[in-house]
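Have the structure open as you read.

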Amino acid sequence: MHIPLITGTGVFTPEAVITNADLVAAFNAYVDRFNSENAEAIAAGAIQPKSHSSADFITSASGIEQRHVIDREGPLDPERMTPRIPPRHDDKPSLMAEMALDAAEKALAEAGRTGSEIDLILCAASNHERAYPAISVEIQDLLGAQGFAYDMNVACSSATFGLQTAADMIRTGSVTRALVVSPEICSAHLEWRDRDCHFIFGDVATAILVEREEGQTGFRVRSTRCATQFSNNIRNNDGFLRRAHDQMEDRRDMQFVQEGRKVFKEVLPMVSRHIADHLEAEGITAPDIRRLWLHQANKTMNDYIGKKVLGRDPKPGEQPNILQDYANTSSAGSVIAFSKYSADLAPGDIGVICSFGAGYSVGSAVLERV
Ligand code: CO8
């Protein structure tokens with residue numbers, strides 16, 4: 001058996017930014033237009049008027065201050081309210097592959113590796129821009145990697161479930177070096193016209209390079225733990241059966257839909273218990289933990305989980321959040337936090353990555369700096 005070690009990470013951050021103020025201005029212009037165009041139906045009680053959004057609400061309810069996006073103009077155009085991402089010819093790299101490649105090259109550079117040394121690529125993300133061929137196989141080709149590649153999707157836990165898969169394959173010897181890439185174009189499956197969720201998501205791509213420890217330095221993957229429990233509270237009904245369903249229109253449930261409050265209440269105890277059980281199985285107690293890299297959906301959620309796991313309020317820096325800058329980037333969130341806030345850990349220091357989201361799904365990894 002080999003010991004899996006994270007030797008590099010990379011983050012691709014789109015240049016374009018939408019602040020809460022930008023977002024709310026565009027949304028409110030859309031609402032005013034909608035209410036005025038539907039004034040008669042609203043007066044007759046046939047349609048509910050839409051309410052304005054508020055930047056203060058967004059910051060206090062979520063902790064999010066801005067988000068990076070692939071396209072800024074589309075979501076901010078009150079007549080469009082969705083990104084404009086032109087289709088690409090089949091001969092050109094797909095957008096997800098291009099984003100993942102940028103993150104992967106950063107992870108490889110950090111580890112001093114080249115693409116040809118990789119023999120497993122997992123494209124682990126909340127959605128894939130086409131059904132096949134797998135995006136991961138395209139990335140394998142673009143990187144000049146060996147071995148094999150496949151796509152997987154466990155929504156917000158895709159990256160941690162991918163990390164478990166890669167670490168287990170390294171352990172058993174079926175691969176030598178694996179890249180887990182998570183290109184998340186959340187802006188394209190967000191309903192920007194729904195004030196309950198229009199502020200939640202951003203776009204990004206992350207990459208984690210896992211290889212055999214063999215005397216190298218990095219983050220040893222001591223153990224991983226994944227759990228799922230079915231719930232309809234975060235759902236997207238779009239899919240390849242849409243045409244067969246004789247349903248061509250863009251219904252609300254063709255985009256991200258959630259019962260945010262229920263998610264909050266149900267996922268918090270599930271995650272706290274999951275981490276506590278994982279730590280107990282590892283023989284780790286709260287004082288042993290130097291850092292928590294949590295899923296980046298909501299600041300209040302993270303404050304609660306941090307307190308539960310550590311048994312006290314986390315000290316500054318112990319549980320870094322990046323959601324104020326990136327918003328929720330689905331599976332990439334905890335990896336961004338890890339990538340940006342792990343270099344200062346000393347040999348022997350222990351940290352925990354934990355993701356949670358649709359499914360429900362929870363994935364954790366106990367890491368030790370070596
Ligand atoms: N501006 C002003 N007021 C608002 C707004 C707004 N934008 N939105 C809602 N309100 C109002 C509501 O109408 C409500 O009013 P009232 O009390 O009169 O009914 C009031 O504010 C409070 O609303 P909520 O109860 O909804 O507000 P919360 O405090 O619950 O905050 C959150 C909403 C932030 C969404 C919160 O519930 C939350 O963070 N929940 C958990 C979310 C979560 O973690 N989800 C994980 C999903 S991500 C995932 O798994 C990956 C999916 C795949 C990726 C998808 C990519 C698109």
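This is a predicted model: local features need pLDDT of at least 70, side-chain atom pairs count only at pLDDT 80 or more; totals for chains, interfaces and linings use all residues.

## Around the ligand

The ligand has 28 residues around it, and the closest are Cys156, Arg195, Arg261, Asn298 and Ala358. Sorted by class, that shell comes out as 14 nonpolar, eleven polar and three charged residues. The largest share comes from α8, with four residues.

## Polar contacts and burial

Which residue puts a polar side-chain atom 2.7 Å from an oxygen atom of the ligand? That's Arg261. Backbone atoms get involved too: a polar one of Ala358 is 2.7 Å from an oxygen atom of the ligand, and a backbone N or O atom of Gly260 lies 3.1 Å from a ligand nitrogen. As for cover, the ligand on its own would expose 1,200 Å², and the protein buries 77% of that.

## The second largest pocket

Now for the second largest pocket, with a volume of about 180 Å³. It's lined by 13 residues, and Thr7, Glu110, Phe219, Ser342 and Arg369 are the closest to its centre.

On the secondary-structure side, β1 (4-12) and α11 (333-340) each bring at least two residues to this lining. The biggest contributor is β1, with four residues. By class, the lining of this pocket holds four nonpolar, seven polar and two charged residues.

Technical notes
Residues are numbered from 1 along each chain as its sequence is written. Side-chain values use heavy atoms; hydrogens and water are left out. A residue is near a molecule or strand if one of its heavy atoms lies within 4 Å of it. A polar contact is a pair of N or O atoms within 3.5 Å; within protein, one must be able to donate a hydrogen and the other to accept it, and residues adjacent in sequence count only if both atoms are side-chain atoms. Accessible areas come from the Shrake-Rupley method with a 1.4 Å probe; for residues, only the protein chains shown count as cover. Ala, Val, Leu, Ile, Met, Phe, Trp, Tyr, Cys and Pro count as nonpolar, Asp, Glu, Lys and Arg as charged, and the others, Gly among them, as polar. On a 1 Å grid over the protein atoms alone, a cavity is a set of points where a 1.4 Å probe fits but cannot get out, and a pocket is an open set with protein on both sides within 12 Å along at least five of seven lines; lining residues have an atom within 4 Å of a point. Grid points are joined across faces, edges and corners, and a volume is the space filled by probe spheres set on the points.
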